[in-house]
Amino acid sequence: DDDDDDGDEEEEIGPSTISDKVRQVSSITASRRGTEMTFIGLQLGEGTATLVAEKVTVSLQCNRCKIAADLTMSKRHTYTAQCEKCNAHISAMFRPSMLHQYSAVVGYLDLQGASPVDLVLKDSYFIVGCLNCSSEEPIQGLSYGLPKENNCIHCHEKLSVLVEATRFEKVQASSRTGEGGKPVGLQRQKKIPKDPSIQLGKPLPDQGACRHYRKSCRWLRFPCCGKAYPCDVCHDKDQDHAMELATRMICGYCAKEQHYSNGKPCSGCGNFLTKGLGSSHWEGGKGCRNKITMSRKDKQKYSSTAKTLSRRSQTIP
């Protein structure tokens, strides 16, 4: 009878039990190959157990003509497309991984003919798990640097997610070794193209400048579409919706994403995000033009040199 009573007892589900389940599920994850996509600054609330990407929208750049376009991918489906400009063949597949307090890996991308530039977080679709009741529900509309809060539909627990940025990293395949530890099947290495993605610690293409603003060293994250562009003109040329003023920016020197500020240095590397802040004519009410190095054709070079001075100004106080 005692054995029957023990068999009828239900397993108590608590935070420690769910943590053990998270460790078990995390071991059964996508194989580590292709391009690894990781969240930087991921913060899950106290009631948030897991986060899994069901559908992601990634900006891909063609390896041939460098034209970027967005591709929406569901998990474990192979997508094929052609470049709008050069008709190059592009194939992509997204293999998700579970995000939790021990891992910030979103998943892996298997790409051919293209390279990832950015994850459009606003157009991506996730499944969030509740730590209190172990239920799952969809969540979407995430934005970089802004916490997203939902309430669990079963226990009304507060579920919050915060993401600062996304990093793409090419997973290096391990080389095979034969007898005596010598590598097998090594070929001549091809020239690796410049990575167009936003990589923390690495400069942006052209240090964030564009043809419209050559002295700007930053990209702007526009909240209307969640994408990053060098300026508003670049945004309007690529998008067909009304622009909303950017509230976040990405440093062109270190790719640190931060709140928008004008005239202040980067919070990550300390560089100013606008070239030539010092004017060659005037700065803060102090003259900065050196008359010795001025051109003879400059009319300001000899200005006030023949001006007569009053005796009162020449007297020593």
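1. Arg-95 is buried, at a relative accessible area of 2%. The model is a predicted one. The side chain of Arg-95 meets that of Asp-110 in a salt bridge, 2.9 Å from N to O. Arg-95 belongs to strand 6 (residues 89-96) and Asp-110 to strand 7, so this pair ties together parts that are 15 residues apart in sequence.

2. Asp-110 also forms a salt bridge with Arg-33. Here the closest N and O atoms are 3.9 Å apart. Asp-110 sits in strand 7 (residues 105-112), while Arg-33 sits in the loop between helix 2 (15-27) and strand 1 (35-40), so the contact ties together parts that are 77 residues apart in sequence. Arg-33 counts as partly exposed, at 41% relative accessibility.

3. How many salt bridges does the whole structure hold? A search finds ten. Some of the residues form a network: Asp-118, Glu-164, Arg-221, Arg-248 and Glu-257 are linked by salt bridges.

4. Take Arg-248 and Glu-164 from that network. Their side chains meet in a salt bridge at 3.2 Å, N to O. Arg-248 lies in strand 16 (residues 248-251), and Glu-164 in the loop between strand 12 (158-162) and strand 13 (165-170), so the pair ties together parts that are 84 residues apart in sequence. Is Arg-248 buried or exposed? Arg-248 is buried, with a relative accessible area of 4%. Glu-164 is partly exposed, at 27% relative accessibility.

5. Four strands make an open sheet in the order 15-14-16-17, and the pairing is antiparallel. Why is one side of strand 15 and of strand 17 left without a neighbour in the sheet? Strand 15 and strand 17 (257-259) stand at the edges and each has a single partner strand, so one side of each lacks a neighbour there. In general, the strands of a sheet pair through backbone hydrogen bonds, in a parallel or an antiparallel sense.

6. Strand 14 pairs with strand 16 over four bridges, in the antiparallel sense. Within this pairing, Arg-221 stands opposite Arg-248 of strand 16. Both arginines are also members of the salt-bridge network.

7. Strand 14 (residues 218-221) is joined to strand 15 by two bridges, and these strands run antiparallel. Leu-220 has Tyr-229 in strand 15 as its bridge partner. The two strands form a hairpin with six residues between them. In the turn, Gly-226 has a positive phi of about 75°.

8. The elements that give two or more residues to the lining are strand 3 (48-62), strand 4 (68-74), strand 8 (114-119), strand 15 (228-229) and helix 3 (232-238). By class, the lining has 13 nonpolar, three polar and twelve charged residues.

9. Cysteines need a check. The structure holds zero disulfides. Cys-86 is in none, and the nearest cysteine sulfur, in Cys-65, is 3.6 Å away. For Cys-225, the closest cysteine sulfur is that of Cys-224, at 4.1 Å, which is too far for a bond. Cys-225 is buried, with a relative accessible area of 7%.

10. Last, backbone angles. His-156 has a positive phi of about 65° although it is not a glycine. His-156 is placed in the loop between strand 11 (148-151) and strand 12. His-156 is exposed, at a relative accessible area of 61%. Asp-206, not a glycine either, has a positive phi of about 60°. Asp-206 is found in the loop between strand 13 and strand 14. Asp-206 is exposed, with a relative accessible area of 52%.

Definitions and conventions
Residues are numbered from 1 along each chain as its sequence is written. This is a predicted model: local features need pLDDT of at least 70, side-chain atom pairs count only at pLDDT 80 or more; totals for chains, interfaces and linings use all residues. Side-chain values use heavy atoms; hydrogens and water are left out. Ala, Val, Leu, Ile, Met, Phe, Trp, Tyr, Cys and Pro count as nonpolar, Asp, Glu, Lys and Arg as charged, and the others, Gly among them, as polar. Two strands pair if DSSP finds at least two bridges between them. A salt bridge is a side-chain nitrogen of Lys or Arg within 4 Å of a carboxyl oxygen of Asp or Glu. Buried means under 20% relative accessible area, exposed over 50%, partly exposed in between (1.4 Å probe, protein chains only). A disulfide is a pair of cysteine sulfur atoms within 2.5 Å.
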